[in-house]
Amino acid sequence: MTTQPFPVSEIVASRRPHRKDAARNYDALLAAAREAFAEHGAEASLEDIARRAGVGIGTLYRNFPTRRHLFESVYADEVNTLCRVAEEVADREPWDALTAWLDRFAGYIVTKRAVREALNDESEIFAACRDSMLGAGGPLFERAQRAGEARTDMDFVDLLRMVSGITATTFDDDAQRDRVLSVALDGVRAAR
């Protein structure tokens, strides 16, 4: 697995404040926004996000001057986490590495759904996130294919679309989502 930075990593690093107290507030706002967007969608209240983060609305606006800036930052941070997870699992057995990454990808879809409508496919953030995600997860899938663990009649984008489609539906709980995803991934696994 490559250790060179992904395009999204540079964007995330450039937006995060350097002072420790400011960085703590920034991180708290991202976590609160991620939670609020997952619960209430793109229309989540900015005041509620600030309250959840334990900061004032002025601190939110200092870090994220517009709602779109907040959406972009949450989205980029989620993709950056996916990239880090790919690096963390790269030394595992090919199938285990791929499924560990896909499990985190399934969780990411919840946030993506909430902020996706606010982002334009041609935006710099979206392009960097897409390139980073493909660069992080694609090699895990290709390694599983080379090891004979994953089907070779599909590509990584096919796999992402399948997982995205599965996670787009409503489940009774996370355990049910995990079972359904597991059944689908059994269909991706190469015949033994």
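Predicted model: local features only at pLDDT ≥ 70, side-chain atom pairs only at ≥ 80, totals over all residues.
Residues are numbered from 1 along each chain as its sequence is written, and side-chain values use heavy atoms, without hydrogens and water.

**Exercise 1.** Classify the packing of helix α1 against helix α7 and describe the residues of their contact.

*Solution.* 
1. Helix α1 spans residues 7–15, and helix α7 spans residues 124–146.
2. Their axes, which are lines fitted to C-alpha atoms over the stretch in contact, with angles from 0 to 180 degrees between N-to-C directions, are 7 Å apart and form an angle of about 130°.
3. The two helices, α1 and α7, are therefore oblique to each other.
4. In contact (heavy atoms within 4.5 Å), α1 contributes Pro7, Val8, Ile11 and Arg15, while α7 contributes Glu124, Ile125, Ala128, Cys129, Asp131 and Ser132.
5. These residues comprise six nonpolar, one polar and three charged; Ala, Val, Leu, Ile, Met, Phe, Trp, Tyr, Cys and Pro count as nonpolar, Asp, Glu, Lys and Arg as charged, and the others, Gly among them, as polar.
6. As to confidence, α1 has the lowest mean pLDDT among the elements, 74, whereas the protein averages 87.

**Exercise 2.** State how the rings of phenylalanine 141 and phenylalanine 156 are arranged.

*Solution.* 
1. Rings of Phe, Tyr and Trp (its six-membered ring) pair if their centres lie within 6.5 Å; planes under 30 degrees apart count as stacked, over 60 as edge-to-face and the rest as tilted.
2. By this rule there are seven aromatic pairs.
3. For phenylalanine 141 and phenylalanine 156, the centres lie 6.2 Å apart and the planes at 40°, so the pair is tilted.
4. Because phenylalanine 141 belongs to helix α7 and phenylalanine 156 to helix α8 (residues 156–167), the pair ties together parts that are 15 residues apart in sequence.

Methods:
pLDDT = per-residue confidence, 0-100. Helix = DSSP H or I, 4+ residues; strand = E, 2+ residues; numbered from the N terminus. Parallel < 35°, antiparallel > 145°, perpendicular 65-115°, else oblique.
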